[in-house]
Amino acid sequence: MRTGIVALLAALTCLAAAFPTSAEETSIRIVVHPSNGAQAFTRRELSDLFLKRTTRWPDGAAVHPVEPPERSMTRLHFLSGVMGKTAFALKVFWKRRVAEGHDAPPEQLPSDADVVAYVRGTPGAIGYVSPETDVTGVKPLPISD
């Protein structure tokens, strides 16, 4: 039995190591429309934007969050490293919000390139992509804590 517990703990440690815990390790890049006046975001601000707790930018424009596909590594890094949530916890959150008559989750697009194209063409948009993604035409911003 002790060997089984040790093996389980080792497996959990490996699994935990697979998910980043700091913004620098998340392997994501935050992008906003070029007209956005923001200079950086905290994890809390990003969480509020993507959970639609914050729906307006300081200038009054509507926030339009957009995400890569649910099964992308970029999304997993964002959820664990920035929001501190699992994909399952986020699904439960949005099911509850929708059932209560609140807003729907952010739109999911098929690829990081589609996220960039949406953000480029939509004032008020914010998204996140992998660091390798071409972000020409959008404004990449750091995560500050």
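Me: Does Lys52 count as buried or exposed?

Reply: This is a predicted model, in which local features need pLDDT of at least 70, side-chain atom pairs count only at pLDDT 80 or more, and totals for chains, interfaces and linings use all residues. Residues are numbered from 1 along each chain as its sequence is written, and side-chain values use heavy atoms, with hydrogens and water left out. Buried means under 20% relative accessible area, exposed over 50%, and partly exposed in between, with a 1.4 Å probe and protein chains only. At 17% relative accessibility, Lys52 therefore counts as buried.

Me: Where does Lys52 lie, and what is it in contact with?

Reply: Helices (H or I, at least four residues) and strands (E, at least two) are DSSP runs, numbered from the N terminus. Lys52 is found in the loop between α2 and β2; this residue follows α2 and has a positive phi, near 60°. Contact means heavy atoms within 4.5 Å. Leaving aside neighbours within four places in sequence, Lys52 has contacts that include Pro65, Trp94, Arg97 and Asp103. Its side chain also reaches the backbone oxygen of Ala104 at 2.8 Å.

Me: What is the order of the strands in the sheet?

Reply: Strands of a sheet pair through backbone hydrogen bonds, either parallel or antiparallel. Two strands are taken to pair if DSSP finds at least two bridges between them. Here an open sheet of five strands has the order β3-β2-β4-β1-β5, with mixed pairing. β3 (107-108) and β5 (139-141) stand at the edges with a single partner strand each, so one side of each is left without a neighbour in the sheet. Strand β2 (residues 64-67) runs parallel to β4, and two bridges join them; His64 has Ala125 in β4 as its bridge partner.

Me: Which strands does helix α2 lie across?

Reply: Axes are lines fitted to C-alpha atoms, for helices over the stretch in contact, and angles run from 0 to 180 degrees between N-to-C directions. Helix α2 (residues 43-50) lies across β1 (29-32), β2 and β4, at about 115° to β4. Its buried residues are Leu46, Ser47, Asp48, Leu49 and Phe50, and they pack against β1, β2, α3, α4 and β4. Helix α5 (residues 112-121) lies across β1, β2, β3 and β4, at about 160° to β4.

Me: How many residues does the largest nonpolar core have?

Reply: In soluble globular proteins, nonpolar side chains tend to be buried together. A nonpolar core is a set of buried Ala, Val, Leu, Ile, Met, Phe, Trp, Tyr and Cys residues joined through side-chain atoms within 4.5 Å. The largest one has 22 residues, and those with the most contacts inside it include Ile30, Leu46, Phe50 and Phe78. Its largest share, four residues, comes from α3. Apart from it lies another core of ten residues, among them Val31, Val115, Val119 and Val129.

Me: How many aromatic pairs are there?

Reply: Rings of Phe, Tyr and Trp (its six-membered ring) pair if their centres lie within 6.5 Å; planes under 30 degrees apart count as stacked, over 60 as edge-to-face and the rest as tilted. By this rule there are five aromatic pairs. The ring centres of Phe78 and Tyr128 are 3.9 Å apart and their planes are at 5°, so this pair is stacked. Phe78 lies in helix α3 (residues 73-83) and Tyr128 in strand β4 (residues 125-129), so the pair ties together parts 50 residues apart in sequence. Both Phe78 and Tyr128 are buried.

Notes:
A polar contact is a pair of N or O atoms within 3.5 Å; within protein, one must be able to donate a hydrogen and the other to accept it, and residues adjacent in sequence count only if both atoms are side-chain atoms.
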